[in-house]
Amino acid sequence: MTMVEEDVRRAVAAARTVVVKVGSSSLTKPSGHLDAARLRALVAALAAAAQQGARVVLVSSGAIAAGFGPLGFEARPSDVATQQAVAAVGQGLLMAQYEAAFSRYGLKVGQILITAEDTIRATQYRNVQRTLDRLLDLGVVPIVNENDSLASNEIRFGDNDRLSALMANLVRADALVLLTDVDALYTAPPSQPGARRIGFVPDVVAALDDVTVTGPTSGVGTGGMVTKLEAARVAAVSGIPAVLTSAVNAGPALMGDPVGTAFAPVKHRGSSRRLWIGFAAEPRGALVADAGAAKAVRGGRASLLSAGVLEVRGEFSAGDPVWIDDESGRHLARGLSGFDSEEIPQMLGRTTTQLKRFLGAEYAHPVVHRDDLVLV
Ligand SMILES: Nc1ncnc2c1ncn2[C@@H]1O[C@H](COP(=O)(O)OP(=O)(O)O)[C@@H](O)[C@H]1O
Ligand SMILES: N[C@@H](CCC(=O)OP(=O)(O)O)C(=O)O
């Protein structure tokens, strides 16, 4: 069943669990300080939704943008070490403001700082999921951000837009609301003459060809509209309706009013863990499948066995995401490797019986189990 705009609006208003993402530019001043009035206005809208029974997860950016001013920097620092230090200061300031603002409505907040690395492994993923579920059961508003101070540069999410769509999967949200500094998606950056506002996107994958988007323009944001559309796409293919609008429209958006841009889901909800594998982290290496294994993997229900692996590329540990490629180098799937890259060469081409006999029972497992594999 495809949703029309009214269905999306209604789904957002009726959402039992809703993930709301707010960008740095909506919470801070260009000087690198928090804008307390705007933060309080946002909290008022979220508290109203919570008081009507919604379980609200807030994904909030702003740690770096709120921390550089108090530390005496005139602009957002560009080197990673300073950004990480600034985020450690800004995150505390941000949470202090949220705690004070939500407490006026009798609501408690809980901080969740997350790294891509923490969550890619099955045990860690379930741990984050369990903590968030429990916080929501306790009536707490979880406030999520990337752990900017600790995330290593190569594997960070980098933008909270994508993180928010993944969070929506993780908490099995009924809706995702992306709040930024522009009132809607436009056919081109709104500063360009002739850019038209788009009220409804029935199929975000198809729409990507028709709009021109750019990176951030605010000086404090990171992803611009590119990552917001990516988030809307991840939500849509996860079966989650989404709305994109400006932070000042948070209240009306959550009440289902026709503000901003509504995105219809394009698929039924899939397994959240599989989506996480598909979108969360950049693969560290690749396993090259022979023709038989490639066919089996493409069929959608097979594990990748060492008997069908020709080559291992890159360095990774067991549990890391890897590409599964065919012999011509085309990506077939993403999956979590069951072994360290250095263990795999001795396993290549061997059947499960041979692995058990020559290397021991601990090697008699698929290189990538089908539950840990997503076709691309
Ligand atoms: N097609 C488009 N429609 C709307 N906004 C766009 C488009 N292309 C680029 N933008 C820009 O994206 C900006 C929002 O991204 P960003 O600054 O990263 O916000 P945030 O801090 O909320 O994540 C807007 O201010 C807008 O200028
Ligand atoms: N995690 C970073 C923000 C990353 C980010 O996505 O920023 P934005 O584009 O403003 O949503 C921070 O808190 O400063």
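**Reading sheets, a ligand site and single residues**

Me: In E12, which residue is the bridge partner of Val288?

Reply: In this predicted model, Val288 has Glu311 in E12 as its bridge partner. In general, the strands of a sheet pair through backbone hydrogen bonds, in either a parallel or an antiparallel manner. In the present case, strand E11 (residues 285–289) and E12 are antiparallel and share 5 bridges.

Me: In what order do the strands of the open sheet with E11 and E12 stand?

Reply: The sheet has 5 strands with mixed pairing, and the order is E12-E11-E13-E14-E15. Its edges are strand E12 (309–314) and strand E15 (373–375), each of which pairs on one side only. From one strand to the next, the twist averages 25°.

Me: How many residues lie between E13 and E14 in their hairpin?

Reply: There are 5 residues between E13 and E14, and Gly329 in the turn has a positive phi of about 90°. The strands themselves, E13 (residues 321–325) and E14, pair in the antiparallel sense over 5 bridges. One pair to inspect is Pro321 with its bridge partner Leu336 in E14.

Me: Is strand E14 mostly covered or uncovered?

Reply: Strand E14 (residues 331–336) is mostly covered, with 5 of its 6 residues buried. E14 also runs antiparallel to E15, to which 3 bridges join it. Across that pairing, Arg334 stands opposite Val374 in E15.

Me: What is the strand order in the open sheet of 8 strands?

Reply: The order is E3-E4-E2-E1-E5-E9-E10-E8, and the pairing is mixed. Strand E3 (109–114) and strand E8 (200–201) are the edge strands, each pairing on one side only. Within the sheet, strand E9 (residues 242–246) pairs antiparallel with strand E10 (residues 261–263) over 3 bridges. Val243 stands opposite Ala262 in E10.

Me: Turning to the ligand, which residues around ligand 2 come nearest?

Reply: Of the 15 residues around ligand 2, those that come nearest are Lys21, Ser24, Ser61, Asp148 and Asn160. By class, the shell holds 2 nonpolar, 10 polar and 3 charged residues.

Me: How far is an oxygen atom of ligand 2 from an N or O atom in the side chain of Lys21?

Reply: A pair of N or O atoms is read as a polar contact if the two lie within 3.5 Å. For the side chain of Lys21, an N or O atom is 2.5 Å from an oxygen atom of ligand 2. The corresponding distance is 2.7 Å for the side chain of Ser24, and 2.7 Å for that of Ser61. Taken alone, ligand 2 exposes 380 Å², and the protein buries 98% of that.

Me: Is Ala14 buried or exposed?

Reply: A residue counts as exposed when its relative accessible area is over 50%. Ala14 is exposed because its relative accessible area is 63%. This residue belongs to helix H1 (residues 5–14). Ala14 and Gly256 are 242 residues apart in sequence, yet their C-alpha atoms are 8.3 Å apart in space.

Me: What is the phi of Arg172?

Reply: The phi of Arg172 is near 55°, which is a positive value in a residue other than glycine. Arg172 lies in the loop between helix H7 (160–170) and strand E5 (175–180). With a relative accessible area of 43%, Arg172 is partly exposed.

Terms used. Residues are numbered from 1 along each chain as its sequence is written. Chains are lettered from A and ligands numbered from 1 in the order in which they are written. This is a predicted model: local features need pLDDT of at least 70, side-chain atom pairs count only at pLDDT 80 or more; totals for chains, interfaces and linings use all residues. Side-chain values use heavy atoms; hydrogens and water are left out. A residue is near a molecule or strand if one of its heavy atoms lies within 4 Å of it. A polar contact is a pair of N or O atoms within 3.5 Å; within protein, one must be able to donate a hydrogen and the other to accept it, and residues adjacent in sequence count only if both atoms are side-chain atoms. Accessible areas come from the Shrake-Rupley method with a 1.4 Å probe; for residues, only the protein chains shown count as cover. Ala, Val, Leu, Ile, Met, Phe, Trp, Tyr, Cys and Pro count as nonpolar, Asp, Glu, Lys and Arg as charged, and the others, Gly among them, as polar. Two strands pair if DSSP finds at least two bridges between them. Helices (H or I, at least four residues) and strands (E, at least two) are DSSP runs, numbered from the N terminus. Axes are lines fitted to C-alpha atoms, for helices over the stretch in contact, and angles run from 0 to 180 degrees between N-to-C directions. Buried means under 20% relative accessible area, exposed over 50%, partly exposed in between (1.4 Å probe, protein chains only).
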